[in-house]
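The following exercises concern one protein structure.

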Amino acid sequence: MEAGTVGGSAVGRETPEPEPSPPRPRVRAARLLGTAILSWTLFVSVFWILTGRHWWWRPMELMPPPVFLVVPLLLLLLTPLARTARLRLAAATLCCGLLGLPLVGLNVHALPGVGGVPDAPPEAVRVFSWNTEYWTDGDDPDEFYAYLRAQRADVYLLQEHVSWDLDAHRPIPADHVGELREHFPGFHVVAVGELLTLSRYPIDDWRGLDSWPHLSDPAIGMPPDGRFPDYYRYKVLRTDLRIDGRVTTFYNVHIPVQLDISMNPFSSRFVTFMRAQEVRRQATYRALEEDLDDNRLPVVVAGDLNGTSAMGEVRRLGERLRDALHASDELYPVSWPTALPGMWRLDRAFTGESVTVHDYRMVDSGGMSDHRAQALTLSFDTE
C-alpha cells in the first residue's frame with residue numbers, strides 16, 4: 001500500500017472545487033434589464049431636478065418629449081425575458097414610466113369621453129400665432145400675405161418680423177407695417193424688435209417688455225455686436241385690445257432658442273452662445289412673469305416659446321395660466337419642424353382664468369416657415 005492512501009483512497013489531497021457555471025441567459029437578461037430600468041429612472045429623476053435651471057443641461061432638454069414614454073414602453077416589452085423576475089421588473093418599469101409621463105405633454109382631453117369644450121359663441125375671437133421664419137425671406141410676398149388673409153383671424157401674433165443675414169449670421173431690421181395696412185385695411189398694427197401684432201380690434205395700449213433689466217449677466221446677455229439691439233431687448237410684445245368694450249391683453253412671445261445647431265458643438269463659440277442664450281431666455285421669462293403679476297386684465301399668451309412640456313419654465317408658466325391644449329382634438333400636436341416628421345411642440349398658447357378656448361389647432365404653414373402656426377378661437381367671461 002502506498003503512503004498517504006487508506007483503503008485505496010487518497011488522504012491529504014483537497015478535492016478541487018467545481019468551477020462556477022456562468023449565469024444563465026435569463027439571469028443575465030434580468031440583470032441587464034434591471035440595470036437599464038434603474039439607469040433610466042435615475043436619468044428622469046435628475047431631469048426633473050435640473051430642467052430649466054442650468055445652461056449646460058439644455059441639450060438634454062431638446063430630446064423629443066415622447067422619448068419619456070417610448071423608453072419605458074420598450075423596457076416593458078422586454079420584461080418577459082426575465083422570466084421569474086418579470087413581474088417585479090414590469091412594476092418597476094411602470095413606476096419609471098409614470099415618473100416621466102408628465103414630461104411627455106400628451107393631451108388626455110383628446111381621448112374619447114375625456115375632453116369637451118363649449119361651442120364658440122358668435123362673438124368669439126379668432127387668434128393666429130405664427131413664427132414666420134424671417135418674414136418673406138425666400139418666399140413670394142404675395143403668397144405670404146394671401147396665406148395670412150386666408151386665416152381670417154381677428155388677431156395675428158407674428159414672430160420673426162425680420163430678415164436674416166446668412167453670411168454674417170445676424171438679424172436685419174424689417175419694416176412691413178405699411179404693406180400690412182394695405183393688405184389688411186381697417187386693421188391696427190404695432191411692432192417692436194422682431195415681433196408684430198395685427199388686430200381688427202382697436203389697440204388701447206401697447207409696449208415691448210424690456211428684458212435687459214432682468215439679465216443675470218449683462219456682460220454676456222447684451223447684443224453680441226451692438227447692432228439691432230431691439231431684436232435682443234424685446235422678446236415679448238404686450239398689446240391691450242378693446243374687444244366689445246372690454247380690454248384684453250395679448251402677449252406675443254418669442255423666447256430665444258437654446259443653442260445653434262449650425263455651430264460645432266465642441267467649439268468654445270457654441271458654449272459661449274448657449275450661455276448667452278440662457279441668460280436671455282431667463283430674462284425674457286422674468287419680464288413676462290413680472291408683467292403678468294401686475295396685470296388684472298384677461299390675458300392670452302402665445303408664440304414660439306422654444307420650449308417643450310418637459311422644460312421647467314414651460315411647466316411653470318402652465319401653473320400660472322391654462323394651456324390651450326385641452327381644446328385640441330390631437331393627442332400630441334406638434335409645431336416643429338415641418339420638413340420632417342414633427343416631434344416638438346415649441347409653439348404654445350396659454351390663457352387666463354377668464355378666457356375660454358373653444359378650439360385650438362396647428363395649421364400647416366404652406367412651406368413658408370419651419371413652424372406650423374397656432375389657431376385659437378376664444379371668448380371672454382362677462383364681468
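**Exercise 1.** Is Glu133 buried, partly exposed or exposed?

*Solution.* The model is predicted, so local features are described only at pLDDT of at least 70 and side-chain atom pairs only at pLDDT 80 or more, while totals for chains, interfaces and linings use all residues. Residues are numbered from 1 along each chain as its sequence is written, and side-chain values use heavy atoms, with hydrogens and water left out.

Step 1. Recall the classes: buried means under 20% relative accessible area, exposed means over 50%, and partly exposed lies in between (1.4 Å probe, protein chains only).
Step 2. The relative accessible area of Glu133 is 30%, so Glu133 is partly exposed.
Step 3. Locate the residue: Glu133 belongs to the loop between strand 3 and helix 5. Helices (H or I, at least four residues) and strands (E, at least two) are DSSP runs, numbered from the N terminus.

**Exercise 2.** What is the phi value of Glu160, and in which loop does Glu160 lie?

*Solution.* Step 1. Phi of Glu160 is near 60°, a positive value in a residue other than glycine. Glu133 also has a positive phi, near 55°.
Step 1. Most residues other than glycine have a negative phi, and most peptide bonds are trans.
Step 2. Glu160 is placed in the loop between strand 4 and strand 5 (162–165). Its relative accessibility is 9%, and therefore Glu160 counts as buried.
Step 3. Turn to the peptide bonds: Trp336 and Pro337 are joined by a cis bond, with omega about -10°. Pro337 sits in the loop between strand 13 (322–323) and strand 14.

**Exercise 3.** Which residues does Asn131 contact, leaving aside its neighbours within four places in sequence?

*Solution.* Step 1. Contact means heavy atoms within 4.5 Å.
Step 1. Asn131 is part of strand 3 and is buried, because its relative accessibility is 1%.
Step 2. Beyond its sequence neighbours, Asn131 is in contact with Gln159, Glu160, His254, Asp304, Asp347, Ser369 and His371.
Step 3. Consider a distance as well: the C-alpha atoms of Asn131 and Gly303 are separated by 7.2 Å, although these residues are 172 residues apart along the chain.

**Exercise 4.** Which residues of the largest nonpolar core touch the most other members?

*Solution.* Step 1. A nonpolar core is a set of buried Ala, Val, Leu, Ile, Met, Phe, Trp, Tyr and Cys residues joined through side-chain atoms within 4.5 Å.
Step 1. The largest core has 21 residues, and Phe128, Trp130, Leu148, Tyr156 and Leu180 touch the most other members.
Step 2. The elements giving two or more residues to this core are strand 3 (125–131), helix 5 (141–150), strand 4 (155–159), helix 6 (177–183), strand 8 (195–199) and strand 16 (373–380). Helix 5 supplies the largest share, four residues.
Step 3. Take Leu148 as an example: leaving aside residues within four places in sequence, Leu148 is in contact with Phe128, Trp130, Tyr156, Leu158, Leu180 and Phe184.
Step 4. Another core, of 20 residues, lies apart from this one and includes Val125, Ala349, Leu378 and Phe380.

**Exercise 5.** Is Trp40 buried or exposed, and which residues does Trp40 touch?

*Solution.* Step 1. Trp40 is found in helix 1 (residues 25–50).
Step 1. With a relative accessible area of 13%, Trp40 is buried.
Step 2. Not counting residues up to four places away in sequence, Trp40 touches Val67, Phe68, Val71, Pro72, Leu75 and Cys96.
Step 3. The C-alpha atoms of Trp40 and Thr377 are separated by 40 Å, and these residues are 337 residues apart along the chain.

**Exercise 6.** Why is the protein said to be more spread out than a compact globule?

*Solution.* Step 1. The protein has 10 helices and 16 strands.
Step 1. Its radius of gyration is 28 Å, well over the 21 Å that the globule rule gives for 383 residues, so the protein is more spread out than a compact globule. The radius is taken over C-alpha atoms, and the rule is 2.2 Å times the number of residues to the power 0.38.
Step 2. Along its principal axes, the C-alpha trace spans about 120 × 55 × 40 Å.
Step 3. Of the 383 residues, 48% count as buried.
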